[in-house]
Amino acid sequence: MTEGQIYKIHSDFYYVDDGVNSYECKIREVLKKQKEKIYVGDFVEFNNGVIRSIFPRKNFISRPSAANIDQIVIVLALKEPDLNFKQLNRYIAFAKYHNIDAVLCFNKSDLKWDKDLKPKIMSIYEPLGYKVLFTSAIKRKGLEGLAEVLKNKTSVLCGISGAGKSSLINALNPALNMRTSRVSEKIGRGTHTTRHCEIVKINENSRIVDTPGFSNVKFDFIMPKDVSILFEDIAQFSSGCKYSDCLHKNEDGCCVLANLDKIDLSRYESYLAFVEEAEDYKQKVKNEGQKTENYKKFLNNKQVAKISGKKRQSARNNLKQRLYKEITEHEQTY
């Protein structure tokens, strides 16, 4: 058996790097039956071009899907497209939810952007403990700082299309020659040049997960009362609220509302927008429920595919199926 890391997935093929060579692999059939998901960044065991098992992940993000990452580098443009603080706060809260460190990289500093943005950015995010970088892939400004942040880490670069993620990668390592595109004047953002997640080696010590640009990360997976945890500047006051389920909107005895002068307006407005998304999710769960079918179970301390009742009924005359059923029932008595 050989150990390696998935660095690219294309169709049904998984590309694995063992530190020396790369291999094109397929997934073992039993893993398919177990509906086991494999993501870019996963460490696996494989031989003869077949992935046999997956090692436990230290972390995972779902949008885009990537595993075993050290940090998220949020790349947004200062101009073309214009900086959107709500979008920035969305990415920061997303990283906070997954308990992954975030670095803020503001690109395209060579353009004519509002110079009042820099002190505003620093006054909001430096006190919250975030590393802030200003870069220009065109003028090669700030690249030393970015290279230092990436050193000895596997980092996810995220941000909307047109922010310059691929341009920054090319500036750090021109040999990679990543595809880039201009921002559309009609829609005010870039087109997707990255089509899939892929781990790219900047050098021997630094790797990044290049991802498609994405702007529709929504908080449609948590409850409204949990959103404040994702905002350090709001959470520091929320423990003083009169009600434990306070959403800090218009409630009596809300400590957050009493301290709004200490919270940046763009942060609070972002918080309210994300709470609204979470409320829509809560209502959906209430109306539809969250019943999901479990496709896995454990047999003899091993994870195996669970056969549905419908399929079991249709195969009841099959001797092999009956034996499997009897063994399963026997194991469940212990």
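**Loops, a helix pair and an enclosed helix**

Ser 11 sits in the loop that links strand S1 (2–10) to strand S2 (13–17), where helices (H or I, at least four residues) and strands (E, at least two) are DSSP runs numbered from the N terminus. Its phi is near 55 degrees, a positive value in a residue other than glycine. With 57% relative accessibility, Ser 11 counts as exposed; the classes are buried under 20% relative accessible area, exposed over 50% and partly exposed in between (1.4 Å probe, protein chains only).

This is a predicted model, in which local features need pLDDT of at least 70, side-chain atom pairs count only at pLDDT 80 or more, and totals for chains, interfaces and linings use all residues. Residues are numbered from 1 along each chain as its sequence is written, and side-chain values use heavy atoms, with hydrogens and water left out.

Asn 68 also has a positive phi, about 55 degrees, although it is not a glycine. This one is in the loop between strand S7 (65–67) and S8, and Asn 68 is buried, at a relative accessible area of 7%. Further along, in the loop between strand S8 (71–77) and H2, comes Pro 81.

Next, the helix pair. The axes of H2 (residues 85–97) and H8 (residues 265–288) come within 9 Å and cross at roughly 65 degrees; axes are lines fitted to C-alpha atoms, for helices over the stretch in contact, with angles from 0 to 180 degrees between N-to-C directions. On the H2 side, the contact (heavy atoms within 4.5 Å) involves Phe 85, Lys 86, Asn 89, Arg 90, Ile 92 and Ala 93, while H8 brings Ser 266, Arg 267, Ser 270, Ala 273, Phe 274 and Glu 277.

Helix H5 (residues 165–172) is largely enclosed by the rest of the structure, because 6 of its 8 residues are buried. Those buried in H5 are Lys 165, Ser 166, Leu 168, Ile 169, Asn 170 and Ala 171. Their cover includes S8, strand S9 (101–107), helix H4 (143–150), strand S11 (154–158) and strand S13 (207–210).

As for confidence, the chain has a mean pLDDT of 84, and 80% of its residues reach 70 or more; pLDDT is the predictor's confidence in each residue, from 0 to 100. Over residues 183–194 the pLDDT is below 50, though this stretch has 26 contacts in the model beyond near neighbours in sequence. Residues 297–302 are likewise below 50, with 11 such contacts. Where pLDDT is low, the predicted coordinates should not be read in detail.
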